[in-house]
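Keep the 3D view open as you read.

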Amino acid sequence: MSVMVGSVTESLAPQTLNDSTINETTRDAERVRVASTLSVLVGLFQVGLGLIHFGFLVTYLSEPLVRGYTTAAAVQVFVSQLKYVFGLHLSSHSGPLSLIYLIGATGISYGMGLKHIFGVDVVGNISAGLVPPVAPNTQLFSKLVGSAFTIAVVGFAIAISLGKIFALRHGYRVDSNQELVALGLSNLIGGIFQCFPVSCSMSRSLVQESTGGNSQVAGAISSLFILLIIVKLGELFRDLPKAVLAAIIIVNLKGMLRQLSDVCSFWKANQADLLIWLVTFAATILLNLDLGLMVSVVFSLLLVVVRTQMPHYSILGQVPDTDIYRDVAEYSEAKEVPGVKVFRSSATVYFANADFYSDALKQRCGVDVDFLISQKKKLLKKREQLKLKQLQKEKKLQKQAASSKGASVSINVNTSLEDMRSNNVEDCKVSPGDKMEDATANGQEDSKAPDGSTLKALGLPQPDFHSLILDLGALSFVDTVCLKSLKNIFHDFRDIEVEVYMAACHSPVVSQLEAGHFFDASITKKHLFASVHDAVTFALQHPRPVPDSPVSVTRL
């Protein structure tokens with residue numbers, strides 16, 4: 001946060017202007033005004049984001065992301081303290097009498113004049129008293145709005161990351177929106193008193209945790225001490241070497257730095273989480289906290305999309321004498337139901353994986369659906385072409401016969417008329433019952449005639465199953481791409497004489513199917529079942545259907 005605020009103040013209140021050095025006092029006063037105005041603007045952003053419940057962002061901060069982010073932040077803090085550490089080498093102490101050893105280092109520094117003799121950097125003069133409140137410079141808002149929003153988000157990310165770390169350690173829950181409002185009010189009120197934007201201090205939070213602070217009382221007591229130091233006791237810390245403060249910070253960073261061991265634990269537990277941790281850590285180290293956070297969140301979301309694109313697909317079989325269906329590749333006792341294929345995906349079907357779902361379905365069923373449909377279309381098209389050629393040939397022969405007999409038509413007209421009259425008289429003598437019997441016989445012969453468009457009639461191999469059941473229990477939503485993909489599955493498998501059913505859809509999914517006009521005359525709710533077992537029972541009672549029409553060539 002200090003680095004980000006410092007870059008803003010240096011850009012708006014530089015050291016030099018037009019190759020001329022600016023007065024140090026004037027420059028510092030201008031930087032204070034810029035920083036305090038920035039704090040007010042950051043506070044306004046954070047309070048506003050908290051009131052509109054922007055805290056939902058925390059849902060995208062997974063534990064590996066948070067741990068990688070805080071570890072990288074700890075490394076940055078560690079590196080930032082090295083300049084003080086190498087200014088004076090002091091042994092760090094913790095545990096009993098540690099307070100005495102600090103006090104001792106301060107006394108030695110003061111008594112021996114280390115600042116003047118060895119050039120040891122000390123805290124320096126601390127102004128006593130509180131500055132009066134000052135209204136922010138609203139003219140700077142337009143110049144600071146972009147940086148203020150970035151700092152507001154990064155400050156929230158740091159605070160909520162630390163909050164989640166401690167919440168996991170001590171077993172409580174963090175209200176992200178409440179944290180946003182509280183942080184925003186701190187920056188808003190602090191900016192009026194010429195403070196610069198702040199967030200949670202990793203080192204101070206760890207110090208407070210290590211000393212047993214568990215409630216707001218610890219924070220209140222700490223604040224009272226800070227107030228006392230600002231008002232009266234600030235000059236006592238004037239000769240405190242900064243190396244001592246750096247040593248305290250580094251020692252208390254050890255808890256965060258131990259999170260580097262997450263690499264081993266995530267490698268054993270989940271390598272996708274390890275990838276998130278490594279990308280977050282590297283991005284935060286290389287790109288700083290603001291861009292690092294953005295990169296890590298975007299990468300986490302992309303990884304979720306990639307993982308949903310490659311779910312686990314399985315063919316289900318029935319556990320004997322039960323209504324339980326499990327993956328036949330994982331459960332040896334689960335057996336496929338003869339004539340029925342049950343297919344399931346472990347993830348919801350949407351635009352990013354709809355094609356993968358269809359391809360996996362056709363592959364797992366063991367039938368080259370696209371090849372059968374293509375061959376069927378070719379054979380039917382060839383048959384239609386042969387019929388068309390035959391009709392054209394017959395018409396040509398009829399025309400030739402008609403032209404050759406044209407001369408004798410007029411001679412035979414009277415004879416033909418007499419024959420037609422005699423035939424009509426004979427037809428009138430046939431009883432109506434005889435006509436009905438002939439029509440019935442002809443109708444029965446037509447119904448028994450084989451359908452020439454079936455796979456068997458065309459000489460193509462038939463699938464070894466007559467029904468396909470899609471277990472859609474994993475679906476949490478459907479989009480338009482999913483609807484079209486499901487409809488194409490119905491059409492494709494019906495073209496190869498396999499009926500399709502859907503099972504285990506949740507009520508919201510069914511509502512979305514209805515809203516998307518998925519159900520029509522060909523796909524009705526009769527194809528929808530509450531469970532896989534219900535669908536299997538129905539499919540066994542209704543074996544392979546015979547198509548009423550040739551293969552459909554229209555695809556969605």
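This is a predicted model: local features need pLDDT of at least 70, side-chain atom pairs count only at pLDDT 80 or more; totals for chains, interfaces and linings use all residues.

As a reminder for what follows, strands of a sheet pair through backbone hydrogen bonds, in either a parallel or an antiparallel sense.

Let's stay with β3 for a moment. How many residues of strand β3 (residues 313-318) are buried? Five of its six are, so the strand is mostly covered, with buried meaning under 20% relative accessible area. On one side, β3 pairs with strand β5 (residues 340-345) in the antiparallel sense, over four bridges. If you want a landmark for that pairing, look for serine 314, which stands opposite arginine 344 in β5. Strand β4 (residues 325-327) is also antiparallel to β3, and three bridges join the two. Here there are two landmarks to pick out: glycine 317 stands opposite arginine 326 in β4, and glutamine 318 stands opposite tyrosine 325 in β4.

Strands β3 and β4 form a hairpin with six residues between them. Within that loop sits aspartate 321, whose phi is near 65°, a positive value in a residue other than glycine. Is aspartate 321 buried or exposed? Its relative accessibility is 81%, so aspartate 321 counts as exposed. Another residue with a positive phi is histidine 517, where the value is near 55° and the residue is again other than glycine. Histidine 517 belongs to the loop between α20 (507-515) and β8, and with a relative accessible area of 63% it is exposed.

Now for the aromatic rings. A search of the whole structure turns up 14 aromatic pairs. One of them joins tryptophan 277 and phenylalanine 281: the ring centres are 5.2 Å apart and the planes lie at 10°, under the 30 degrees that stacking requires, so this pair is stacked. Both residues belong to helix α13 (residues 271-309), where they are four residues apart, about one turn of the helix. Tryptophan 277 has a relative accessibility of 1% and therefore counts as buried.

The pair of tyrosine 501 and phenylalanine 529 has an edge-to-face arrangement, with 5.8 Å from centre to centre and 70° between the planes. This pair links distant parts of the chain, as tyrosine 501 is in strand β7 (residues 499-503) and phenylalanine 529 is in strand β8, 28 residues apart. Tyrosine 501 is buried, at a relative accessible area of 4%, and phenylalanine 529 counts as buried too, at 15% relative accessibility.

Phe54, Phe56 and Tyr60 are linked into a cluster by ring pairs. Elsewhere, lysine 525 places its charged end over the ring of phenylalanine 519, 5.9 Å from the ring centre.

Next, look at phenylalanine 196, in the loop between α7 (176-192) and α8 (202-210). Which residues is phenylalanine 196 in contact with, leaving aside its neighbours within four places in sequence? They are Ser2, Val5, Ala35, Ser39 and Asn187. Phenylalanine 196 is 195 residues from methionine 1 in sequence, while their C-alpha atoms are 9.4 Å apart in space. With 40% relative accessibility, phenylalanine 196 counts as partly exposed.

For a contrast in setting, turn to threonine 70 in helix α3 (residues 63-85). Threonine 70 counts as buried, at 2% relative accessibility. Leaving aside its neighbours within four places in sequence, threonine 70 is in contact with Ser161, Leu162, Ile165, Met202, Met256 and Gln259.

Our last stop is the cysteines. The structure holds zero disulfides. Among the cysteines, cysteine 195 is partly exposed, with a relative accessible area of 37%, and cysteine 264 counts as exposed at 51% relative accessibility.

Notes. Residues are numbered from 1 along each chain as its sequence is written. Side-chain values use heavy atoms; hydrogens and water are left out. Buried means under 20% relative accessible area, exposed over 50%, partly exposed in between (1.4 Å probe, protein chains only). Two strands pair if DSSP finds at least two bridges between them. Contact means heavy atoms within 4.5 Å. Rings of Phe, Tyr and Trp (its six-membered ring) pair if their centres lie within 6.5 Å; planes under 30 degrees apart count as stacked, over 60 as edge-to-face and the rest as tilted. A charge sits over a ring if NZ of Lys or CZ of Arg is within 6 Å of the ring centre and within 35 degrees of the ring normal. A disulfide is a pair of cysteine sulfur atoms within 2.5 Å.
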